[in-house]
Amino acid sequence: MTGWDELDRFLQTDPRDVGCEQALRILHIYVEAVLDDKTGAEAARRYPGVEAHLLSCGPCADDYEGLLLAARPDPA
Amino acid sequence: MRSPDEQTAQWLAALGGSGSAREQAVERLHELLLRVARAELGRRAGRHSITGPELDDLAYQSADDALLAITTKLGEFRGESRFTTWAYKFVVLEVSSKLGRHFWQRPAVTLGTADWERLPDRFGVSPADHAERQDLIAAVRRAVEQELTERQRQVFVAIVVDGIPLDALVARLGASRNSLYKMMFDARRKLRAALAANGYLTASAEEAAPDHIMRGER
């Protein structure tokens, strides 16, 4: 992959992207949908705008990863 | 709204009550928030240089501020998740915000240096590939100067050229993460269209189609 490909990937925008405010508003719901489903496919189907945002926004994706770990049930 | 699970119902009853039961619930919640804050700061350890007592102080500050926000906004909890998942979101966001502010305590960090020679590194172009580096710098710099507003240019250069994290820029400019993200979103779209129009990138269907086709007109 060339630098131009990387640049192109960075510049791509998804019109479904809901932005940080809306994604963070329901992040706890999205996280539980991912935990319920394991693969995250159902969460992505129900909240495509949040999924699109998390693929594009590093800080929100970081918060998502952190919340996913925090909310994961402790192993018995 | 779904019925709350048993633990969520217990949290809501205790925190919404009074006396020693509430105090114990607040104390227990603070312990959980502190544990999450410490874990989150540890998970992000490669991206900050905070250690020792200062790190633990940041964890306590995050837990304290999250606890205050949670108890203040308890009435806004709508039972769409477990209570703890909702509550943990506050402390994760506090950690992000505090790390953003802390970024500026690094002595070497300044805003507005705009060293364009570093741009190719952000996109993995080898230092040996001199021609590609110079082409990429020239094309992007020209598009930034011609296509973006002054504010978009400032934010794009800070994040992409200078490598300032978005949350650090949020702290410095006093803006919201959402507003800066949207500014970057618009900037990315404009730059991509300009680079495609000049033959550097392949035009997307939307960029390639005449306006009347995109509007569904004949």
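Me: In chain B, what percentage of the contacts with a separation of 6 or more is accounted for by residues 24 or more positions apart?

Reply: The structure is a predicted model. Chain B comes to eleven helices and zero strands. Among its contacts with a separation of 6 or more, the share from residues 24 or more positions apart is 65%.

Me: What distance separates the centres of domain 1 and domain 2 of chain B?

Reply: The domain assignment of chain B places domain 1 at 6–105 and domain 2 at 116–214. Seven residues of domain 1 of chain B are in contact with six residues of domain 2 of chain B. On the domain 1 side, the touching residues divide into three nonpolar, three polar and one charged. Taken over C-alpha atoms, the centres of the two domains are separated by 35 Å.

Me: Which residues does F156(B) touch, not counting residues up to four places away in sequence?

Reply: In soluble globular proteins, nonpolar side chains tend to be buried together. With residues up to four places away in sequence left out, F156(B) touches V144(B), L148(B), M184(B) and A187(B).

Me: Is A131(B) buried or exposed?

Reply: A131(B) lies in helix α6 of chain B, which covers residues 130–147. Because A131(B) has 7 C-beta neighbours inside 10 Å, its class is exposed.

Me: How far apart in space are A131(B) and L166(B), C-alpha to C-alpha?

Reply: A131(B) belongs to helix α6 of chain B. In sequence, A131(B) and L166(B) are 35 residues apart. In space, their C-alpha to C-alpha distance is 30 Å.

Me: Which element of chain A gives the largest share of the side that touches chain B?

Reply: Here 28 residues of chain A are in contact with 33 residues of chain B. The elements of chain A that give two or more residues to this side are α1 (3–11), α2 (19–25), α3 (27–37) and α6 (58–71). By class, the side of chain A that touches chain B has 14 nonpolar, seven polar and seven charged residues. The largest share, nine residues, comes from α6(A).

Terms used:
Residues numbered from 1 in each chain as written. Chains lettered and ligands numbered in written order. Predicted model: local features only at pLDDT ≥ 70, side-chain atom pairs only at ≥ 80, totals over all residues. Helix = DSSP H or I, 4+ residues; strand = E, 2+ residues; numbered from the N terminus. Buried ≥ 20, exposed ≤ 12 C-beta atoms within 10 Å, placed from the backbone. Domains from an automatic or database assignment. Contact = placed C-beta atoms within 7 Å. Nonpolar A, V, L, I, M, F, W, Y, C, P; charged D, E, K, R; others polar.
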